[in-house]
Amino acid sequence: MTNNTYKYVLAIDLGTTGNRAILFDRSGNIVGQAYKELTQYYPQPGWLEHDAREIWQDTRTVIELVLQNTKISAREIAAIGLTVQRETCLLWDKTTGEPLHKAIVWQDRRTASMCRDLAAKGKDKEIQEITGLILDPYFSATKLTWLLNWVKQERPAIDLDNVIAGTIDSWILWNLTGGQVHATDHSNASRTMLMNLATLEWDRRLLDLFAIPTQMMPEIKHSMGSFGKTDPQLLDAEIPITAIFGDQQSALFAHGCDRPGLLKCTYGTGSFLIVQTGLNLTRSSQKLLSTVAWTQPDSTNYALEGAIFTTGASIQWLRDGLKIIASAPETEDLASSVEDTNGVYFVPALSGLGAPHWDTNARGAFLGLTGGVKREHAVRAVLEAIAYRVKEVVEAANRDSDFSVARLKVDGGASQNNFLMQFQADALGIPVERPAILDATAQGAAFGAGLAVGFWDDYGALISTRKIDRVFEPAKGGRDRIEDSYRIWQKAVERAKNWSE
Ligand code: ADP
């Protein structure tokens, strides 16, 4: 079969809100996609779980659907790129393939006290030195410890020699390859709080600290390279899996941010601003995270990241929790229908506060409520709060670097919201650039996989084919007008900090 037989690359994008399969052609265009929203389980306040079986089932379903809808055969697919929500992790039995507990999602705060105890012992500095991360329940390490303790207590009959661990990429790779490959890539591994950022290996001291047996952990591989082939039972072709990225790093790759100083912000469940720092491991003085952008057999790219936990998740909460909107897109018209928030400020700390505060005990809040406040004001306050959180992180990145962010490249579900993007441009006083393909996460995985397998050969050329949908220019004097509200909002953030006991 010549290389021309292959016409497509398949991206599998497993997000927090839902799971997607997208087929890209040789021009980098989307030829078909399928999506399924994922069930969220909230067993206790501050906890969030996903059913790993559902993620695997939905992965199969969306792949089947996209092939059926486009009438494309699996034999025409050159490679698969996989990108996933990061940090979310699980344990499963390698003899039965059965997950031992629901996966604990990155937003889950159940291990806050474990983190506090470690900090009290002064372990936070050592952890940051080794992993580039801030000690926080966000990362996988304490979640895996919790899961292991649960298995030992609740399922004592389980033979721990059969138990293996992984983030969602490892779980899906293991299933895609029919249980043949237990691996992850450096970008996902760098978010577990168990990988040494300099050596790019699991760190013995951290595995001991978190009491995680080494043999449970997946092999760490280059983000672009060979991860095995799909199980012949699965599709009517054995398709090579040639790229795995954490979702945010994948979007960074899709935006062409491969040189120091280039950055993007994704507006999904959370918002993540990532700045490429090139081949050097750079450390932050502003509580940003040092992380792996991606690796190839001959190079490692690093990045600095500002992680904001609940932005789109606050919109989902307006829909599913408060039920004051029927759909996320509706927020654009509602927010635009009022002049301002009528004095209402929202703190989107539904899962604590990430960068640059790192306050596990912060909780969400509406402040400034008076009798005249309507649903439109509350909705607008939520959108403005998303823009304010991003502004805080952009300002931290500016303080951390020897350049000033001059333009914000965006993607992700909530970047479709024109009100939010215009408000963001105004609040920052810089242009916000939105690409035509908002699924940058999936696009990055497809590009990585296609480049690794020789389906494409020039990253720069591929990136230059990407079209821009719209540039939101900052309104004249907009930043000054917003600055006062921003200052009051920061006061609201201070009130919401250290709330939960
Ligand atoms: P993830 O990859 O984290 O699952 P996505 O990039 O798929 O996230 O984006 C989904 C999120 O975007 C949801 O939280 C949803 O509420 C939000 N969202 C989608 N469309 C809009 C919109 N038009 N306005 C505001 N938020 C939106």
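Here are legends for a set of close-up views of this predicted model.

**View 1. The largest pocket, centre and volume.**
This view goes to the largest pocket, which has a volume of about 900 Å³. There are 41 residues in its lining, and the ones closest to the centre are T17, G268, G412, G413 and A414. If you're new to the structure, those five names are a handy place to begin.

**View 2. What builds the lining of the largest pocket.**
Which elements give two or more residues to this lining? They are the strands β2 (18-25), β3 (30-37) and β12 (263-267), together with the helices α8 (247-254), α9 (312-320) and α10 (330-336). Helix α9 gives the largest share, with 5 residues. Sorted by class, the lining of the largest pocket holds 19 polar residues, 12 nonpolar ones and 10 charged ones.

**View 3. The second largest pocket.**
Next up is the second largest pocket, with a volume of about 540 Å³. It has 23 lining residues, and Y42, L48, Q107, A313 and W317 sit nearest its centre. Here's α9 again: it provides 5 residues, the largest share of the lining of the second largest pocket. The class count for this lining reads 11 polar, 8 nonpolar and 4 charged residues.

**View 4. The largest cavity.**
Now for the cavities: searching the whole structure turns up 2 of them at 30 Å³ or more. The largest one has a volume of about 60 Å³. Its lining is made by L144, G166, T167, S170, T184, N188, A189, T192, W202, M217 and P218. Strand β8 (163-167) and helix α6 (186-189) each put at least two residues into that lining.

Look for R60, I63, E64, L234 and L235, the residues that line it. By class, 3 residues in this lining are nonpolar and 2 are charged, with no polar ones.

**View 5. A cis peptide bond at P356.**
Here the backbone itself is the subject. A355 and P356 are joined by a cis peptide bond, with omega at about -10 degrees. Where does P356 sit? You'll find P356 in the loop between the strands β16 (345-347) and β17 (365-367).

**View 6. A211 and its positive phi.**
A211 isn't a glycine, yet its phi is positive, at about 55 degrees. The loop that holds A211 runs between helix α7 (204-209) and strand β10 (219-221). Is A211 buried, exposed or partly exposed? Its relative accessibility is 47%, so A211 counts as partly exposed.

**View 7. N342 and its positive phi.**
The last stop is N342, another residue that is not a glycine but has a positive phi, in this case about 60 degrees. N342 belongs to the loop between α10 and β16. Why does N342 count as partly exposed? Because its relative accessibility is 32%, and partly exposed covers the range between the buried cut-off of under 20% and the exposed cut-off of over 50%.

Notes
Residues are numbered from 1 along each chain as its sequence is written. This is a predicted model: local features need pLDDT of at least 70, side-chain atom pairs count only at pLDDT 80 or more; totals for chains, interfaces and linings use all residues. Side-chain values use heavy atoms; hydrogens and water are left out. On a 1 Å grid over the protein atoms alone, a cavity is a set of points where a 1.4 Å probe fits but cannot get out, and a pocket is an open set with protein on both sides within 12 Å along at least five of seven lines; lining residues have an atom within 4 Å of a point. Grid points are joined across faces, edges and corners, and a volume is the space filled by probe spheres set on the points. Helices (H or I, at least four residues) and strands (E, at least two) are DSSP runs, numbered from the N terminus. Ala, Val, Leu, Ile, Met, Phe, Trp, Tyr, Cys and Pro count as nonpolar, Asp, Glu, Lys and Arg as charged, and the others, Gly among them, as polar. Buried means under 20% relative accessible area, exposed over 50%, partly exposed in between (1.4 Å probe, protein chains only).
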